[in-house]
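Subject: Structure handover

Hello,

Here is the structure I said I would pass on. Please open it first; my notes on what was found follow below.

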Amino acid sequence: MTDPTALTESLPELKTRIHKPLNVEASFLNPPSPITTAEHFFIRGHFPLPTIDASSWRLEVSGAVEKPLSLSLADLKAMPTATHKCVLECAGNGRLFLPNVPEGVQWGLGAAGCAAWTGVPLRDVLTLAGLKSDALELVFEGADHGIPEKQLKPKNEIHYSRSVPLTSAMKPEVLLAWQMNGENLSEAHGAPLRLVVPDWYSVASVKWLTTISVVSRPFLGYFQTVEYAYWAHQGSLPPERIPITEIFLKSQIAHPVMHQQLRAGEVCRVYGATWGAETPVDAVEVSTDKGLTWHPAEFDSPAEDHAWRLWHWEWKPGTIGNYILMSRASDREGRTQPAQHNEDHESYLIHHTLPIPVEVV
Ligand SMILES: Nc1nc2c(c(=O)[nH]1)N[C@H]1C(S)=C(S)[C@@H](COP(=O)(O)O)O[C@H]1N2
Ligand SMILES: [Mo]
């Protein structure tokens, strides 16, 4: 079993943001690759790493089902498997760049990665259990537990848990996964089994999964009401607490990094990645003048559902001085990244065109 702390100390591209519980940020797109290896993938945990004995571990499926299940890893592996590539992005990725330093893990650009996940489609397991007609949501619980941080917290220990409505959970790409990039999940990434919900912020991709409870009403647990939720203001309605779900359209610049010095007259390869849910990204543009003018970037990897796409643009700055770089993605529906962070979203869903100051010397 690898010690994840030792791992982060041996890899300078990873930054430990919090030691206990372990929270590790990756150096975004370093190395630049359509697939993020497990060693370069960020780690987010709310409670101490659970100790799990894989040989006695079981996945329990209960609630509004015809036939409750208790499955071993071997039972799951005997079912038809599927592999899907997808981005996992923490809903607080980019928080470090918000004004007034909001609370929460101080993620820069590196709380996102793109990996290929292998497991059983969740819907096949649900079909095996037989959903009752009043089934509405699925509550996923992990083996990790503790007392959460925020003031409005339950008085006893809870397990990490999160729900997904049936309409989203039945999509064929939603997996109960035991492999990441063709290798068994590491302890830090949720071994022996995790949920992977492509297109959703990774708060929904419950690690160290032990139980799935099928419920017939919306679940209002801690990690979708107190944390990982925000007050939405819609029309004349009173504000409503909305759980964070789908990933917002985004692009990030991996190179150059903030405050990098570039040489006048030399070509600088500005590159990064773009991703989002719903509709594929159609275009990425780059600005060097804080969004006044934009230049089309080229894609370096194909458009694939749920995965991120690499892009680049070559810039030859002629004049010395300070510049503000930005990248902006647009999708097929004409949606684009906003210029400012939406304050209603508090310190989540950070997807505005982030300024990257650089100096040309
Ligand atoms: N059991 C469990 N699952 C969890 C969490 C957790 O603390 N416990 N954190 C969630 C959050 S907020 C994120 S961002 C992702 C991070 O996944 P990773 O550590 O594999 O990158 O796991 C999610 N699944
Ligand atoms: Mo997260």
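I start with a histidine contact. In His341, a polar side-chain atom sits 2.6 Å from the backbone oxygen of Glu346. His341 belongs to the loop that runs between β22 (321–331) and β23 (356–360). Its relative accessibility is 16%, so His341 counts as buried, the limit for that term being under 20%. Please keep in mind that this is a predicted model, and that the values here are computed from it.

The ligand

Which residues come nearest to ligand 1? Among the 18 residues around ligand 1, they are Phe42, His46, Asp144, Arg194 and Lys207. By type, the shell around ligand 1 divides into nine nonpolar, five polar and four charged residues. The space that ligand 1 takes up is the largest cavity.

Some polar side chains can be listed with their distances to the ligand:

- Lys207: an N or O atom of its side chain is 2.5 Å from an oxygen atom of ligand 1.
- Arg194: a polar side-chain atom lies 2.7 Å from an oxygen atom of ligand 1.
- His189: an N or O atom of its side chain is 2.8 Å from an oxygen atom of ligand 1.

Taken alone, ligand 1 exposes 540 Å², and the protein buries 100% of that area.

His46

His46, one of the residues that come nearest to ligand 1, is in the loop between β2 (23–25) and β3 (59–63). With a relative accessible area of 17%, His46 is under the 20% limit and therefore buried. Its side chain has a polar contact of 2.9 Å with the side chain of Tyr228. Another polar contact, of 3.1 Å, joins the side chains of His46 and Arg44.

Backbone

Most residues other than glycine have a negative phi, and most peptide bonds are trans. The residues below are listed for that reason.

Leu29 is not a glycine, yet has a positive phi of about 55°. Leu29 lies in the loop between β2 and β3, and is buried because its relative accessible area is 7%, with under 20% as the limit. His306, also a residue other than glycine, has a positive phi near 70°. The loop between β20 (298–299) and β21 (309–315) holds His306, which counts as buried at 16% relative accessibility.

Where are the cis peptide bonds? One runs from Ala191 to Pro192, with omega near 5°; Pro192 is in the loop between β10 (183–184) and β11 (194–196). Another runs from His255 to Pro256, with omega near 0°; Pro256 is in the loop between β15 (250–255) and β16.

Two further loop residues

Is Glu266 buried, exposed or partly exposed? At a relative accessible area of 46%, Glu266 is partly exposed, because that value falls between the limits of 20% and 50%. Glu266 is in the loop between β16 (261–262) and β17 (268–275). Its C-alpha atom is separated by 58 Å from that of Arg58, 208 residues apart along the chain.

Ala64 is in the loop between β3 and β4 (69–71) and counts as buried, with 11% relative accessibility. Between the C-alpha atoms of Ala64 and Pro172, 108 residues apart along the chain, the separation is 21 Å.

Regards

Note on methods
Residues are numbered from 1 along each chain as its sequence is written. Chains are lettered from A and ligands numbered from 1 in the order in which they are written. This is a predicted model: local features need pLDDT of at least 70, side-chain atom pairs count only at pLDDT 80 or more; totals for chains, interfaces and linings use all residues. Side-chain values use heavy atoms; hydrogens and water are left out. A residue is near a molecule or strand if one of its heavy atoms lies within 4 Å of it. A polar contact is a pair of N or O atoms within 3.5 Å; within protein, one must be able to donate a hydrogen and the other to accept it, and residues adjacent in sequence count only if both atoms are side-chain atoms. Accessible areas come from the Shrake-Rupley method with a 1.4 Å probe; for residues, only the protein chains shown count as cover. On a 1 Å grid over the protein atoms alone, a cavity is a set of points where a 1.4 Å probe fits but cannot get out, and a pocket is an open set with protein on both sides within 12 Å along at least five of seven lines; lining residues have an atom within 4 Å of a point. A molecule sits in a cavity or pocket if more than half of its atoms lie within 2 Å of its grid points. Ala, Val, Leu, Ile, Met, Phe, Trp, Tyr, Cys and Pro count as nonpolar, Asp, Glu, Lys and Arg as charged, and the others, Gly among them, as polar. Helices (H or I, at least four residues) and strands (E, at least two) are DSSP runs, numbered from the N terminus. Buried means under 20% relative accessible area, exposed over 50%, partly exposed in between (1.4 Å probe, protein chains only).
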